[in-house]
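Open the model in your viewer and keep the selection panel at hand. Each stop below says what to select and what is there.

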Amino acid sequence: MDLLNTLVDKGLRRELPSREEALAVLATSDEQLLDVVAAAGKVRRQWFGRRVKLNYLVNLKSGLCPEDCSYCSQRLGADTGILKYTWLKPQEASEAAAAGLAGGAKRVCLVASGRGPTDRDVDRVSDTIKTIKEQNEGVEVCACLGLLSDGQAERLRGAGADAYNHNLNTSEATYGEITRTHTYADRVDTVRKAHAAGLSACSGLIAGMGETDDDLVDVVFALRELDTDSVPVNFLIPFEGTPLAKEWNLTPQRCLRILAMVRFVCPDVEVRIAGGRELHLRTMQPLALHLANSIFLGDYLTSEGQAGKADLEMIADAGFEVETTDQVTLPEHRRGGGCGSVCGSEESACGSEEPVHGAESVHGAESAPEAAGVPGAAGVPDSAGVPGARTDLVAVRRRGAGTDLAPNA
């Protein structure tokens, strides 16, 4: 296919595709899907080989967010049955992080619900970063705390943070339909603040919220223009109790096409499969590794993810290898920016799971049927928007950070 040959050539040269070419990837048929994956896989291997970076989320403060993000299980007034707790102490957060690192994670993403941190919150998170780094040699730390005020990114950088995550989530044209308590421009400003402070900028999107192909291309082009080191791709987890609970718009094939488009537009950045991969990619997850070079290990912020052991087996069975702490994630030509590109560790993101406001994950303690999203349970539709959607895979996290149960790492 001429389109794919052109996109491979551009990806190997780090040349931006045209909007028409990016849209054409999303419009390819299921019959062409393996060709699309193979083509984007050539670009992925050029810049990242067969390495897969593992990231681990620690939810420092869960629920009770004053923002109204429609996709988020932690949004203002949401009745989603998630865990709710205030700030973890530095040692509690370090112990939670250690579980993920023991499972093979290279980066820890510290996430807190809320509009943005107060100066006291920045002090608290700075103490947590220092504790984690003192107790875990070689670890990378990414903070995801919402909108930043002037000087806060510099303080986090001074405490040892390597990266900062703040997702754009969707296109500027559509943003006001998803969130009204802050703007798209607010999010762009925070990404720029992180960049300017020398932090590796991590920012991504959420697919499946009812957006158009044009919206998806718009947000990915915006991320490339912002020169983010890391792009987490979240697939909406339609939590009961949120305005988007009935938005089941994704198939595994659609998810793969989205990841391929992101790889073609952002050929040399860390593309991370984030929240919702288990729910929407399901048995097609190994194919997605040919497109993305990074995933989250185990559970997400408020939902359960695939078991950490299953993640590691999937990576090995698909012929990939886990990236180690002595390997630098980004290709050499991207290592002149923030610490995210230079420190023996590097960029990633917490936003992988729809951070700052939401995410999901896998194993463990059982929750009530309505919280677990079982078809036929209270408020959960028996049929979804697309054939084969698995509403039964939505499960609220009941273990790990904020609980007395062992994490799923």
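## Stop 1: a buried charged pair

Select Glu-140 and Lys-106. Their side chains form a salt bridge, with N and O 3.9 Å apart. The model is predicted, so read every distance here as a computed value.

The two partners come from distant parts of the chain. Glu-140 sits in strand β3, residues 140-144. Lys-106 sits in the loop between α4 (90-102) and β2 (107-112).

Is Glu-140 buried or exposed? Glu-140 has a relative accessible area of 0%, so it is buried. Lys-106 has a relative accessible area of 1%, so it is buried as well.

## Stop 2

Now select Lys-53 and Glu-270. These side chains also meet in a salt bridge, at 3.7 Å from N to O. Lys-53 belongs to strand β1 (residues 51-61) and Glu-270 to strand β8 (residues 270-273). They are 217 residues apart, so color the chain by residue number to see how the pair links distant parts of it. Both Lys-53 and Glu-270 are buried.

How many salt bridges does the structure hold? The count is 29.

## Stop 3: a pair between two helices

Select Asp-123 and Arg-155. Their side chains meet in a salt bridge, 2.5 Å from N to O. Asp-123 is in helix α5 (residues 119-135) and Arg-155 is in helix α6 (residues 152-159), so the bridge ties together parts 32 residues apart in sequence.

Check the surface around each partner. Asp-123 is partly exposed, at 42% relative accessible area. Arg-155 is partly exposed too, at 29%.

Stay in α5 and select Ser-126. Ser-126 has a relative accessible area of 8%, so it counts as buried. Show what surrounds this serine. Beyond the neighbours within four places in sequence, Ser-126 contacts Arg-155, Leu-156 and Ala-159.

## Stop 4: α4 against α5

Show α4 and α5 as cartoons. Two packed helices are described by the angle between their axes and the distance between the axes. The axes of α4 and α5 come within 8 Å and cross at roughly 45 degrees. That angle makes α4 oblique to α5. The crossing of α4 and α5 is right-handed.

Next, display the side chains at the contact. On the α4 side, pick Pro-90, Gln-91, Ala-93, Ser-94 and Ala-97. On the α5 side, pick Asp-127, Thr-128, Thr-131, Ile-132 and Gln-135. Color by class: the contact of α4 with α5 has 4 nonpolar, 5 polar and 1 charged residue.

## Stop 5: α3 against α10

Move to helix α3 (residues 33-48) and helix α10 (residues 252-265). Their axes come within 9 Å and cross at roughly 40 degrees. α3 and α10 are therefore oblique to each other. Which hand does the crossing of α3 and α10 have? This crossing is left-handed.

Select the α3 residues that meet α10: Leu-33, Val-36, Ala-39, Ala-40, Val-43, Arg-44 and Phe-48. Facing them in α10 are Gln-253, Leu-256, Arg-257, Ala-260, Arg-263 and Phe-264. By class, the contact of α3 with α10 divides into 9 nonpolar, 1 polar and 3 charged residues.

## Stop 6

Select Leu-3, in helix α1 (residues 2-12). Leu-3 has 18% relative accessibility, so it counts as buried. Setting aside neighbours within four places in sequence, Leu-3 is in contact with Glu-21, Ala-24 and Val-25.

The C-alpha atoms of Leu-3 and Val-36 are 9.6 Å apart, and 33 residues separate the two along the chain.

## Last stop: zoom out

Show the whole protein chain. What does the chain contain in helices and strands? There are 15 helices and 10 strands. Color by accessibility: of the 409 residues, 63% are buried. Then turn to contacts between residues at least 6 apart in sequence: 79% of these join residues at least 24 apart.

Conventions:
Residues numbered from 1 in each chain as written. Predicted model: local features only at pLDDT ≥ 70, side-chain atom pairs only at ≥ 80, totals over all residues. Heavy atoms only, no water. Salt bridge = Lys/Arg side-chain N within 4 Å of Asp/Glu carboxyl O. Helix = DSSP H or I, 4+ residues; strand = E, 2+ residues; numbered from the N terminus. Buried < 20%, exposed > 50% of the residue type's maximum accessible area, 1.4 Å probe, protein only. Axes fitted to C-alpha atoms, helices over the stretch in contact; angles between N-to-C directions. Parallel < 35°, antiparallel > 145°, perpendicular 65-115°, else oblique. Left-handed = near helix turned anticlockwise from the far one by under 90°. Contact = heavy atoms within 4.5 Å. Nonpolar A, V, L, I, M, F, W, Y, C, P; charged D, E, K, R; others polar.
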